[in-house]
Every structure is written in structure tokens, then in C-alpha cells.
Amino acid sequence: MNLIDNAKVMKRMSGRLKLNVLFKLVFAAATLFGLLVLAVLLYRIFSQGISYVDLSFFGNFASRKPEEAGIKAAFIGTIWLMAVVAPITLTLGVGTAIYLEEYAKDNKFTAFIKVNISNLAGVPSIVFGLLGLTIFVRALALDRSVLAAGLTMSLLVLPVIIVAAQEAIRAVPRELREASYGMGATKWQTIVRVVLPTALPGIATGAILALSRVIGETAPLVVIGIPMFVAFLPQSVFDTFTVLPMQIYNWTSRPQEEFQYVAAAGIIVLLTMLVLMNSIAIFIRNKFQKRF
């Protein structure tokens with residue numbers, strides 16, 4: 001009987017090992033396929049657009065002639081948009097997370113709010129575009145301005161920042177809070193001097209990744225009517241503007257083949273901005289993790 005039982009055990013182990021090898025191969029193939037597609041995409045973009053990325057490309061406005069087309073208005077417009085979105089989302093997002101985790105009572109109403117915030121993080125971006133069109137563009141008469149677009153995009157990424165900040169604050173060890181209280185600090189002093197500095201890596205990482213989404217998002221801006229062709233710079237948050245994704249979409253929709261190369265150059269600029277923002281997030285996370 002022992003020999004028969006041992007044979008059955010060995011057979012089961014052999015089957016599990018074969019299944020393990022099979023899944024390893026499947027997952028490796030899936031990873032390689034994704035990397036291959038990414039490599040082909042990057043090669044095509046850089047081979048077509050790198051020759052167009054020069055100082056004149058950043059200094060010229062959009063043009064009907066591909067050799068004169070530039071990204072000045074879209075690049076500056078993107079910076080204007082981020083200047084509106086960043087302070088709004090960071091202030092409201094981190095403030096909401098602090099209230100929910102440190103001050104709000106642990107009851108059904110608070111749990112209801114947290115669940116709905118998590119659900120809002122998964123709502124399609126076009127829904128926020130419709131909300132921004134209804135409230136900011138029409139009800140508040142902000143038209144297609146930087147402020148209207150900034151408030152709309154803030155609604156889009158605010159749930160993501162709140163959830164990221166909540167998780168970061170929740171991960172702070174309770175012993176640190178108790179030690180601060182034991183030294184005579186108030187609740188607010190503990191939050192400002194202990195909780196927030198310790199949670200900063202997670203908060204900063206989530207915030208920068210959320211803001212990176214703002215740079216590449218297009219659907220809400222299309223819904224609220226942000227123009228694709230602009231030959232001037234905004235002077236205030238109430239002016240009309242355009243952004244990089246809208247400008248790239250405009251170039252890709254044109255029939256001339258040269259505009260496809262100009263669009264590839266715009267994608268290179270957009271990817272560079274995203275990589276820089278993600279690198280900053282990684283740097284902040286690693287620096288403060290070592291410190292605390």
C-alpha cells in the first residue's frame with residue numbers, strides 16, 4: 001500500500017510541476033508579447049518623429065503646413081492645465097484623505113463615502129467630461145477655458161489621489177502616532193509632523209501618477225469642446241487653449257503623410273513628459289522611504 005500511495009503522490013507532484021512549467025511559459029510569452037508590441041510602437045514613433053523635434057518645433061504654433069507646424073500652444077497649454085489641476089487635486093485630495101482617516105467616525109456613513117470614492121476612481125473619463133460640460137462650461141459659463149478644463153480634469157483624478165492618500169496614511173504605524181501623543185503633541189501636530197511626512201512617499205507617488213493621467217487624457221476635453229487648432233497662448237485661466245493630446249489628434253486626422261511624422265514628434269514630447277513625471281514619483285518615493 002505504501003508503494004501505491006507513494007506512486008500516486010509522485011504522479012500528482014509530476015502533474016503539478018508540468019502545470020507550473022506550462023503557466024510559466026504562458027506568462028513569459030504574454031510578457032514578451034507586450035514588450036515586443038511596445039518596442040515596435042516606440043521604434044515607429046521615434047523613427048518617424050525624432051527628426052522633427054527641434055527648437056523650431058517648440059517655438060512654432062500649429063500650422064496647415066507640416067514643415068512649419070509646432071507644438072508651442074499645446075505645450076504651454078498643457079502647463080497651464082497642470083497649474084490648475086495640481087493645487088486643486090492635491091489640496092482637496094489630501095485634505096479629504098486626512099479627514100476620512102484621522103477625524104471621521106468609523107460608521108456606516110463614512111464607509112459609504114469611502115466605497116463611493118473608490119467607485120468613482122473607476123468611472124470612465126467621458127462621464128467626467130459630461131459633468132464638466134454641464135456644470136463648468138454651461139452652468140458657470142466658464143466656456144472652453146483653462147479653468148473649466150482644469151476643474152473637469154480635477155474631478156477625474158481626485159478620487160485616485162484620495163484613495164492613494166488614504167492608503168498611505170493608513171499604512172503609517174500606530175506606534176508613531178502613540179509616541180507623538182506620549183510626547184504631548186496634539187492630534188493636528190501629530191498629523192503634520194509625523195503622519196504626513198511618513199505617508200509622503202505614497203501620497204506623492206499616487207498624486208504624480210494621477211497627474212500623469214491628466215497629461216495624456218483626451219476624452220473629457222473633447223466633450224467640453226477644447227479646440228484642436230490654436231495659434232495663440234492663454235494669458236489667464238479664463239482664456240481658450242489646447243493641450244498636447246488634442247494637438248496630436250488633430251495632426252493624425254489630417255490626410256497629409258507629413259503630419260503623421262509631426263504627430264509622432266508630438267507623441268515623443270508627450271512620452272518624455274510622462275517619463276519625467278514618473279521618474280520624479282520614483283525619486284520622491286525612494287528618498288523619503290530611506291529617510292523614514
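Trainee: What should I know about the model and the numbering?

Mentor: This is a predicted model, in which local features need pLDDT of at least 70 and side-chain atom pairs count only at pLDDT 80 or more, while totals for chains, interfaces and linings use all residues. Residues are numbered from 1 along each chain as its sequence is written, and side-chain values use heavy atoms, with hydrogens and water left out.

Trainee: OK, how many helices and strands does the chain have?

Mentor: The chain comes to 11 helices and 0 strands, where helices (H or I, at least four residues) and strands (E, at least two) are DSSP runs numbered from the N terminus.

Trainee: And what is its radius of gyration, next to that of a compact globule?

Mentor: The chain has a radius of gyration of 25 Å, whereas a compact globule of 292 residues would have one near 19 Å; the radius is taken over C-alpha atoms, and the globule rule is 2.2 Å times the number of residues to the power 0.38. Along its principal axes, the C-alpha trace spans about 85 × 60 × 35 Å.

Trainee: How much of the chain is buried?

Mentor: Of the 292 residues, 37% count as buried, which is to say under 20% relative accessible area, with exposed meaning over 50% and partly exposed in between (1.4 Å probe, protein chains only). Helix α10, residues 244-252, is mostly covered, since 7 of its 9 residues are buried, among them Leu244, Met246 and Trp251.

Trainee: Switching to packing, how do α3 and α6 cross?

Mentor: The axes of α3 and α6 (residues 146-170) come within 7 Å and cross at roughly 35 degrees, the axes being lines fitted to C-alpha atoms, for helices over the stretch in contact, with angles that run from 0 to 180 degrees between N-to-C directions. The crossing is right-handed, meaning that the near helix is turned clockwise from the far one by less than a right angle, with anticlockwise making it left-handed. The contact of α3 with α6 has 21 nonpolar, 6 polar and 3 charged residues; Ala, Val, Leu, Ile, Met, Phe, Trp, Tyr, Cys and Pro count as nonpolar, Asp, Glu, Lys and Arg as charged, and the others, Gly among them, as polar.

Trainee: Then what about α3 and α4?

Mentor: Helix α3 (residues 72-103) and helix α4 (residues 108-120) pack at an angle of about 145 degrees, with their axes 11 Å apart, and this crossing is left-handed. Thr96, Leu100 and Glu101 in α3 meet Thr110, Ile113, Lys114 and Ile117 in α4, and these residues divide into 3 nonpolar, 2 polar and 2 charged.

Trainee: Last topic: which loop holds Ala141, and what is its phi near?

Mentor: Ala141 lies in the loop between α5 (125-139) and α6, and its phi is near 55 degrees, a positive value in a residue other than glycine. Most residues other than glycine have a negative phi. Ala141 is exposed, with a relative accessible area of 61%.

Trainee: And where does Asp143 lie?

Mentor: Asp143 lies in the loop between α5 and α6, with a positive phi near 60 degrees, and is partly exposed at a relative accessible area of 45%.

How values were computed. Contact means heavy atoms within 4.5 Å.
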